[in-house]
Amino acid sequence: MRKVQSILNRKGTAVHCVSADISVFQALEEMMNKNVSALIISSGDTIEGIFTERDYARKIVLLGRSSKDTPIAEVMSSAPLTVTASDSVASCMEIMTNKHVRHLPVLEGHKLAGIISIGDIVKEIIEEQQETIKHLESYISG
């Protein structure tokens, strides 16, 4: 089974981070500008949390809160689950399924090395299956 590193090799290691003192509105603007659905909340090299579109929908919209008046620190998911580049894609899929999360920061030691999403996992599994099919077709046809 493939490793998280193969996903990072394909998509890159760019991670969009913001500080905990910005508003939810500012975080949403950053997400829109970067075309991402999750931001890492950090202070220096320390991950304080993660903020996703799901957090916005559940903790702002559904509760009738103001995104301009709410600090991101109040609604971010603290202490997010993390993985390493050497973890298997299958184990990440299991974590995401069992814990109902769509994004996993990737750490190398204590340093942020990337972020993967459920979409990245699905793409990686499809690519691996296509390669297996090609290999089997080649084997069968001689």
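**Exercise 1. Contacts of Ser67**

Task: In this predicted model, which residues is Ser67 in contact with, leaving aside its neighbours within four places in sequence?

Solution. 
Step 1. Locate the residue. Ser67 is in the loop between α3 (53-61) and α4 (72-75).
Step 2. List the partners. With neighbours within four places in sequence left aside, Ser67 is in contact with Ser23, Val24, Phe25, Leu28, Tyr56 and Ile60.
Step 3. Take one of these partners, Ser23. The C-alpha atoms of Ser67 and Ser23 are 6.7 Å apart in space, while the two residues are 44 residues apart in sequence.

**Exercise 2. Ser23 and Ser67: buried or exposed?**

Task: Is Ser23 buried or exposed, and is Ser67 buried or exposed?

Solution. 
Step 1. Recall the cut-off: a residue is buried under 20% relative accessible area.
Step 2. Ser23 has a relative accessible area of 12%, so Ser23 is buried.
Step 3. Ser67 has a relative accessible area of 13%, so Ser67 is buried.
Step 4. Not counting residues up to four places away in sequence, Ser23 touches Ser67, Lys68, Thr70, Pro71 and Ile72.

**Exercise 3. Positive phi**

Task: What is the phi of Asn35, and what is the phi of Ala79?

Solution. 
Step 1. Start from the general rule: most residues other than glycine have a negative phi.
Step 2. Asn35 is not a glycine, yet its phi is positive, about 55°. Asn35 belongs to the loop between α2 and β2 (38-43).
Step 3. Ala79 also has a positive phi, near 45°, and is a residue other than glycine. Ala79 lies in the loop between β4 (77-78) and β5.
Step 4. Check accessibility, with exposed meaning over 50%. Asn35 has a relative accessible area of 71%, so it is exposed. Ala79, at 66% relative accessibility, counts as exposed.

**Exercise 4. Two helix pairs**

Task: At roughly what angle do the axes of α5 and α6 cross, and at roughly what angle do those of α1 and α6 cross?

Solution. 
Step 1. Two packed helices are described by the angle and the distance between their axes.
Step 2. The axes of α5 (residues 89-99) and α6 (residues 118-141) come within 10 Å and cross at roughly 140°. Therefore α5 is oblique to α6. The crossing of α5 and α6 is left-handed.
Step 3. On the α5 side, the contact is made by Val89, Cys92, Met93 and Met96; on the α6 side, by Ile118, Ile121, Glu124 and Ile125. By class, this contact of α5 with α6 has seven nonpolar, no polar and one charged residues.
Step 4. The axes of α1 (residues 4-11) and α6 come within 10 Å and cross at roughly 100°. Therefore α1 is roughly perpendicular to α6.
Step 5. Ser6, Ile7, Arg10 and Lys11 in α1 meet Asp120, Ile121, Lys123, Glu124 and Glu127 in α6. The residues of this contact of α1 with α6 divide into two nonpolar, one polar and six charged.

**Exercise 5. The whole chain**

Task: How many helices and strands does the protein have, and where is confidence lowest?

Solution. 
Step 1. There are six helices and seven strands in the protein. From the N terminus on, they run α-β-α-β-β-α-α-β-β-α-β-β-α.
Step 2. Of the 142 residues, 34% count as buried.
Step 3. The average pLDDT is 95, and 100% of the residues score at least 70. Confidence is lowest in α6, with a mean of 92, and highest in strand β5 (residues 83-84), at 98.

Technical notes
Residues numbered from 1 in each chain as written. Predicted model: local features only at pLDDT ≥ 70, side-chain atom pairs only at ≥ 80, totals over all residues. Heavy atoms only, no water. Axes fitted to C-alpha atoms, helices over the stretch in contact; angles between N-to-C directions. Helix = DSSP H or I, 4+ residues; strand = E, 2+ residues; numbered from the N terminus. Parallel < 35°, antiparallel > 145°, perpendicular 65-115°, else oblique. Left-handed = near helix turned anticlockwise from the far one by under 90°. Contact = heavy atoms within 4.5 Å. Nonpolar A, V, L, I, M, F, W, Y, C, P; charged D, E, K, R; others polar. pLDDT = per-residue confidence, 0-100. Buried < 20%, exposed > 50% of the residue type's maximum accessible area, 1.4 Å probe, protein only.
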